[in-house]
There are 2 protein chains.
Amino acid sequence: MFMRRVAIVGVGMTEFGEHWELGFRELIAQAGVRAIEDAKLQGVKIDALYGGTMAAGRLIGQEHITALIADYMGLNPIPATRVEAACASGGAALRTGYLAVASGMHDVVVVGGAEKMTDVPAGDAAVALGGAGDQEWELFMGATFPALYALIARRHMHEYGTTREMMASVAVKNHANAAKNPYAHFRKEISIEDVLGAKMISEPLTMFDCSPISDGAAAVVLMPLEKAKEHTDMPVEILASMQASDTLALHSRKSLTEMRATKVAAKRAFEMAKVAPGDIDVCEVHDCFTIAEILAIEDIGFFEKGKGGKASLDGETALNSKISINTSGGLKGCGHPVGATGVKQAVEVTWQLRGEAQNNRQVKGAEIGMTHNVGGSGATCVTHIMKRGD
Amino acid sequence: MFMRRVAIVGVGMTEFGEHWELGFRELIAQAGVRAIEDAKLQGVKIDALYGGTMAAGRLIGQEHITALIADYMGLNPIPATRVEAACASGGAALRTGYLAVASGMHDVVVVGGAEKMTDVPAGDAAVALGGAGDQEWELFMGATFPALYALIARRHMHEYGTTREMMASVAVKNHANAAKNPYAHFRKEISIEDVLGAKMISEPLTMFDCSPISDGAAAVVLMPLEKAKEHTDMPVEILASMQASDTLALHSRKSLTEMRATKVAAKRAFEMAKVAPGDIDVCEVHDCFTIAEILAIEDIGFFEKGKGGKASLDGETALNSKISINTSGGLKGCGHPVGATGVKQAVEVTWQLRGEAQNNRQVKGAEIGMTHNVGGSGATCVTHIMKRGD
């Protein structure tokens with residue numbers, strides 16, 4: 001391996017939510033400035049920018065979005081590149097920035113993620129999001145994302161006895177965490193009854209089984225580990241950065257109840273980081289729907305296949321339980337500005353590993369963390385494993 | 001530097017043009033298969049895929065486009081990542097793939113570029129392309145790309161005495177080259193009178209000063225140089241891969257008649273490759289409009305600022321003249337399927353360096369080549385310098 005060791009030296013994010021008062025460019029600039037300040041970069045040359053966004057072309061009529069970010073952050077003429085992998089755009093941007101530093105090409109790299117979604121009607125946003133699946137075979141036939149994940153949920157219920165209560169428990173836990181997160185879209189607790197009694201979106205998924213449409217942005221600053229120590233007493237090293245793909249359309253897969261991209265990416269990440277699922281103290285997983293969190297904690301290897309629902313209902317994924325999952329509130333509670341999500345996961349895990357998570361949201365003694373970011377119905381998965389530096 | 005040396009070992013592309021019979025997925029699969037066959041990859045594991053496309057979300061309702069490519073090429077579960085920088089998406093994808101190999105993370109990387117543009121009305125395509133500029137300050141006010149480049153052209157005429165005939169000579173030369181390129185959208189020669197007498201699009205630019213809306217795809221296979229020698233007798237080494245940014249909106253720039261991103265990216269590329277503009281035998285530049293080629297050959301350093309128009313009219317950029325510019329026919333003659341263009345430039349230069357350019361299109365004794373790919377009105381520029389391997 002020729003690769004340099006890479007660390008996160010600064011993080012920042014906007015509050016997630018409905019930011020009718022802020023445009024895309026204000027959101028990303030706010031997150032970026034916070035990350036740059038956190039990294040104490042005053043006077044340091046930034047070498048490159050990578051930005052994750054999924055659908056700014058559809059949502060705000062703007063492509064070339066990372067050049068726009070460089071422009072609005074006053075960073076010209078540094079290279080500015082957008083990375084897109086649907087809902088995993090943020091994670092893919094982080095991995096691309098990681099490789100740019102690891103390669104030796106760039107020393108100081110800012111990775112941002114952002115999405116501005118609430119300026120269009122929710123139906124238009126749903127159609128834009130449908131572009132994450134197979135447009136010709138799924139969206140065109142009417143299969144939006146709640147419908148695709150409902151198929152996955154039904155099959156998981158059939159094969160493993162997973163119940164609607166088990167799925168609801170994911171939303172309840174994530175709202176409980178979000179209630180403690182000042183950056184979260186929904187800062188209030190809900191009950192299993194609230195989830196089961198909410199409006200049905202796509203049977204068996206109710207409104208509270210689904211992550212919301214949010215605006216928001218997040219950013220991290222990367223450096224070689226050696227150099228990182230000049231900027232922070234507590235660099236967070238990226239031990240592994242892995243990504244995998246699967247078929248775009250659900251109908252092409254052998255199984256609906258596991259995500260092959262998650263399994264491959266997680267396995268390779270554990271190998272690269274030389275750690276096991278049991279070593280992870282805190283993990284942000286991609287809970288775009290409650291069933292997605294159940295698949296994730298099974299496919300990463302925290303729980304046996306088919307046991308994720310029961311584990312959630314039994315509280316084994318709650319804050320400071322067996323494994324603390326989605327301490328930020330996840331996509332469900334913290335919100336899901338699509339391109340921002342993968343970067344926000346890294347921001348939250350960095351805070352956790354530094355011991356800086358606010359409002360009693362801190363995982364005690366967290367040393368190793370992980371992020372898991374999924375695109376569409378699983379055609380992309382990006383995972384990162386991070387460790388508090390010495 | 002920790003970076004490994006990287007080579008192109010295989011290239012392929014579709015014909016550029018109006019492919020009403022082929023969808024996005026057929027186009028990219030055709031180009032990808034040709035590149036993989038050219039690289040003699042049978043039995044070799046491909047490690048990662050990077051895809052450049054600008055506006056598939058707007059043009060075909062499909063994001064997550066590189067996952068789609070991996071799916072349709074049977075490459076799951078390898079990492080598949082889309083890279084976007086407007087019209088420089090292909091070049092930015094090539095640079096991202098280059099860094100993935102240079103870093104030591106991946107050994108065999110396929111970089112594809114594609115755009116499917118002719119399935120929507122030309123006006124819709126123009127609006128989608130407007131997303132490459134500053135949507136809020138330019139497109140929203142009616143400034144589509146021909147209008148933006150017309151401003152640049154008028155200012156260049158004012159400052160340097162550049163004439164409409166000089167600009168027209170760029171189109172004439174590029175059509176002459178395209179007439180020899182079996183992959184080109186327009187395989188016929190035109191005259192200066194044809195250009196000047198064509199329909200006015202945005203004064204002083206006529207229809208023949210503008211590159212067309214095309215469908216098409218291109219792909220290259222990258223490997224560490226060491227390993228490349230097992231696959232080809234003539235690897236083409238990437239000596240430099242550089243990228244720079246500028247303000248998204250024209251109104252923010254100090255000068256309309258030079259592209260700062262081109263100047264910075266080219267300067268850094270020459271430094272990295274340890275060559276000078278005079279060493280380049282063949283160069284594909286981004287002639288989205290005829291005036292853009294004039295700016296490019298000045299800003300790269302082939303000609304003094306203000307002298308590019310006269311050099312073109314005098315034939316100094318023709319095939320086997322002082323510097324052979326756009327032997328493929330460029331964007332004007334070969335066509336401009338936006339995301340494909342930057343990758344196609346690398347395909348053409350590879351053919352030239354290998355001595356494989358067909359139909360008397362070969363630059364005699366070409367040893368060092370260059371590509372120059374611009375996003376929007378210059379907010380991104382990506383340059384690569386390549387050399388025939390020993």
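In this predicted model, helix α4 (residues 89–102) of chain B and helix α14 (residues 338–354) of chain B have axes that come within 5 Å and cross at roughly 55 degrees. Angles of 65 to 115 degrees would count as roughly perpendicular and those under 35 degrees as roughly parallel, and α4(B) and α14(B) are therefore oblique to each other.

Let's look at who meets whom. On the α4(B) side the contact residues are B:S89, B:G90, B:G91, B:A93 and B:L94. Facing them from α14(B) are B:V338, B:G339, B:A340, B:T341, B:G342, B:V343, B:K344 and B:A346.

Now over to chain A, which is divided into domain 1 (6–120 + 214–236) and domain 2 (125–211 + 238–388). The centres of these two domains of chain A, taken over C-alpha atoms, are 22 Å apart. Where they touch, domain 1 of chain A supplies 42 residues and domain 2 of chain A supplies 39 residues.

Several elements of chain A give two or more residues to the domain 1 side of this contact: the strands β1 (6–13), β4 (109–115) and β7 (216–224), along with the helices α2 (56–60) and α4 (89–102). The largest share of that side, 8 residues, comes from α4(A).

Here is the make-up of the two contacts by residue class:

| α4(B) with α14(B) | 6 residues | 6 residues | 1 residue |

How values were computed: Residues numbered from 1 in each chain as written. Chains lettered and ligands numbered in written order. Predicted model: local features only at pLDDT ≥ 70, side-chain atom pairs only at ≥ 80, totals over all residues. Axes fitted to C-alpha atoms, helices over the stretch in contact; angles between N-to-C directions. Helix = DSSP H or I, 4+ residues; strand = E, 2+ residues; numbered from the N terminus. Parallel < 35°, antiparallel > 145°, perpendicular 65-115°, else oblique. Contact = placed C-beta atoms within 7 Å. Nonpolar A, V, L, I, M, F, W, Y, C, P; charged D, E, K, R; others polar. Domains from an automatic or database assignment.
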